[in-house]
Amino acid sequence: MGTEMLFLRDAYVRDFDATVTAVDPDGSRLALDQTAFYPTGGGQPHDTGRLGDLAVTAVRKEGDDVWHTVEGAALPAVGDPVHGEIDWERRHALMRTHTALHVLCGVIWNEWGKAVTGGNMEPLSARMDFEFDPLPEGFGPRVEELVNAELAAGRKVEGDFLPRDTAVEDEDLIRTKVNMIPESVHEIRVVDIVGLDKQADGGTHVHSTAEVGRIRVTKTESKGKGNKRVRLEVVDG
Ligand SMILES: [Zn+2]
């Protein structure tokens, strides 16, 4: 069984019909046969929204099931149909932010050859750490200029599933440590900002970098040796 994750094939699905496959009354949680709700993971926070009359306040993936924490009226029963609707304003902001971060990774790799070491995102704001030591002179304004040029270029963003054997031999994917993905995974989802950045990624992205808008680098700081942090905001283009 498990939950089919509709956002992996189409990040623009805002509402959907599903059937309840499991109920956890102690946690006020529901598992569904399919969902458009993104569960926290891969650096991207979960969606919020509604399942029928219930408010969805958290979403987690456990094994093959996506669990929706809900608040409100009585829980439905296993087998009941539900209509889901995600908070699109929040999700779209997260999609813009997530794509902006991949553009940032691609730009920093191409310009300085530095890999990402960590990060975190909220709707329209984020931080990412890179293996700089130290940050180059004038880095903040320069990276902002380079990222905004790539966003304005309207590069296509494509999500695709690749067989693991193909993915581990892709030179663009090797730098993002695709070989660390367990061998039990037979298909790897890859997000390709065509001509700029390719990563194994399960998150949700906009169709074109132009849809992101622009970024503003709000702060750069040192988080220790070989670890420099970039803070940014996503703003309308
Ligand atoms: Zn990502």
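A polar contact is taken as a pair of N or O atoms within 3.5 Å; within protein, one must be able to donate a hydrogen and the other to accept it, and residues adjacent in sequence count only if both atoms are side-chain atoms. The model is predicted, with local features requiring pLDDT of at least 70 and side-chain atom pairs pLDDT 80 or more, while totals for chains, interfaces and linings use all residues. Residues are numbered from 1 along each chain as its sequence is written, and side-chain values use heavy atoms, with hydrogens and water left out.

The side chains of D201 and H102 form such a polar contact, at 3.0 Å. D201 belongs to the loop that runs between β13 (197-200) and β14 (214-222); helices (H or I, at least four residues) and strands (E, at least two) are DSSP runs, numbered from the N terminus. D201 is buried, that is, under 20% relative accessible area with a 1.4 Å probe and protein chains only. No salt bridge is assigned to D201, the criterion being a side-chain nitrogen of Lys or Arg within 4 Å of a carboxyl oxygen of Asp or Glu. The nearest side chain of opposite charge is R189, 4.5 Å away; Lys and Arg count as positive and Asp and Glu as negative, while His and the chain ends are not counted. Beyond four places in sequence, D201 has contacts (heavy atoms within 4.5 Å) with H98, H102, R189 and V191.

At the start of α1, a side-chain oxygen of D87 comes within 3.2 Å of the backbone nitrogen of E89. Just after the helix, G113 adopts a positive phi of about 65°.

A nonpolar core is a set of buried Ala, Val, Leu, Ile, Met, Phe, Trp, Tyr and Cys residues joined through side-chain atoms within 4.5 Å. The largest contains 53 residues, of which F16, L51, L104, F130, V143, V147 and I215 touch the most other members. Helix α1 gives the most to this core, with ten residues. A second, separate core has six residues, including L162, A167, V178 and V190.

Helix α2 (residues 139-152) reaches 20 Å from first to last C-alpha. Its buried residues include V143 and V147, and their cover includes α1, β14 and β15 (228-235).

Note on methods: Buried means under 20% relative accessible area, exposed over 50%, partly exposed in between (1.4 Å probe, protein chains only). The expected span of a helix is 1.5 Å times one less than its number of residues.
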